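I opened this model to go through its helices. My notes follow in the order I looked things up.

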Amino acid sequence: MSLRSGAALASLRRAAARPPRPATGRAAENLVGYAGAIAADLALQSIGLAAIVLIIAPLAWAWRIATHHGLHRPWLRLGLLPLCLIAVATGCAALPHPDAWTLTSGLGGMTGLIISDAIMG
């Protein structure tokens, strides 16, 4: 679980800079390769910086298991993860994005943008 999270973190690190474009022949500049670049680009466009929660949550769960604290109610944790992602994406959408952020959907991705627009009216 922690190895997958580490690979996901490595792929998100370079995702926003230059996603691969098969039509133009631009190769993936991602540490995990083409599949990692596509997955990271999709995550950043859909949920923005909330994609980091998809990395931190399994790492925290793996840490609890590795330190023999146990993982109580894993189905509840897994079931509430999508709600947490939506909440974090909505919160990130409210933040101003820096000039270096190349995605037009903002820091919260399309999910955060749609929900924050619905909330703000």
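Predicted model: local features only at pLDDT ≥ 70, side-chain atom pairs only at ≥ 80, totals over all residues.

Helices are DSSP runs of H or I with at least four residues, strands are runs of E with at least two, and both are numbered from the N terminus.

Residues are numbered from 1 along each chain as its sequence is written, and side-chain values use heavy atoms, with hydrogens and water left out.

**Entry 1. Overall.** I counted five helices and zero strands in the protein chain. The pattern along the sequence reads α-α-α-α-α. The protein chain has 121 residues, and 31% of them count as buried. I then looked at contacts, meaning heavy atoms within 4.5 Å. Taking contacts between residues at least 6 apart in sequence, I found that 56% join residues at least 24 apart.

**Entry 2. Helix α3.** Which residues of α3 are buried? I listed Val53, Ile55, Ala57, Pro58, Trp61 and Ala62. Next I checked the helix length. The expected span is 1.5 Å times one less than the number of residues. α3 has 14 residues and runs 19 Å from first C-alpha to last, close to the expected 20 Å.

**Entry 3. The loop after α3.** Just after α3, His68 takes a positive phi of about 60 degrees. His68 is a residue other than glycine. I placed His68 in the loop between α3 (53-66) and α4 (74-93). His68 counts as exposed, because its relative accessibility is 74%. Arg73 is found in the loop between α3 and α4 as well. Phi of Arg73 is near 50 degrees, again positive in a residue other than glycine. Arg73 has a relative accessible area of 61%, so I marked Arg73 as exposed.

Entry 4. Two packed helices are described by the angle between their axes and the distance between the axes. The axes are lines fitted to C-alpha atoms, for helices over the stretch in contact, and angles run from 0 to 180 degrees between N-to-C directions. I read angles under 35 degrees as roughly parallel, over 145 as roughly antiparallel, 65 to 115 as roughly perpendicular and the rest as oblique. α2 (residues 34-47) and α5 (residues 109-120) pack at about 5 degrees, with axes 2 Å apart. α2 and α5 are therefore roughly parallel to each other. Leu44, Gln45, Ser46 and Ile47 in α2 meet Gly109, Met110 and Thr111 in α5. By class, this contact of α2 with α5 has three nonpolar, four polar and no charged residues. For the classes, Ala, Val, Leu, Ile, Met, Phe, Trp, Tyr, Cys and Pro count as nonpolar, Asp, Glu, Lys and Arg as charged, and the others, Gly among them, as polar.

**Entry 5. α4 against α5.** At what angle do the axes of α4 and α5 cross? I read roughly 75 degrees, with the axes coming within 8 Å. That makes α4 roughly perpendicular to α5. On α4 the contact uses Ile86, Ala89, Thr90 and Ala93; on α5 it uses Thr111, Gly112, Leu113, Ile115, Ser116 and Ile119. The contact of α4 with α5 has six nonpolar, four polar and no charged residues.

**Entry 6. Ser116.** Ser116 lies in helix α5. Is Ser116 buried or exposed? Ser116 counts as buried, because its relative accessibility is 10%. I then looked for polar contacts, which are pairs of N or O atoms within 3.5 Å; within protein, one must be able to donate a hydrogen and the other to accept it, and residues adjacent in sequence count only if both atoms are side-chain atoms. A polar atom of the Ser116 side chain lies 2.8 Å from the backbone oxygen of Gly112. The Ser116 side chain also reaches the backbone oxygen of Leu113 at 3.2 Å. Leaving aside neighbours within four places in sequence, Ser116 is in contact with Thr90 and Ala93.

**Entry 7. Cys84.** I found Cys84 in helix α4. Cys84 counts as partly exposed, because its relative accessibility is 34%. The C-alpha atoms of Cys84 and Ala50 are separated by 8.7 Å, with the two residues 34 apart along the chain.

Key
Buried < 20%, exposed > 50% of the residue type's maximum accessible area, 1.4 Å probe, protein only.
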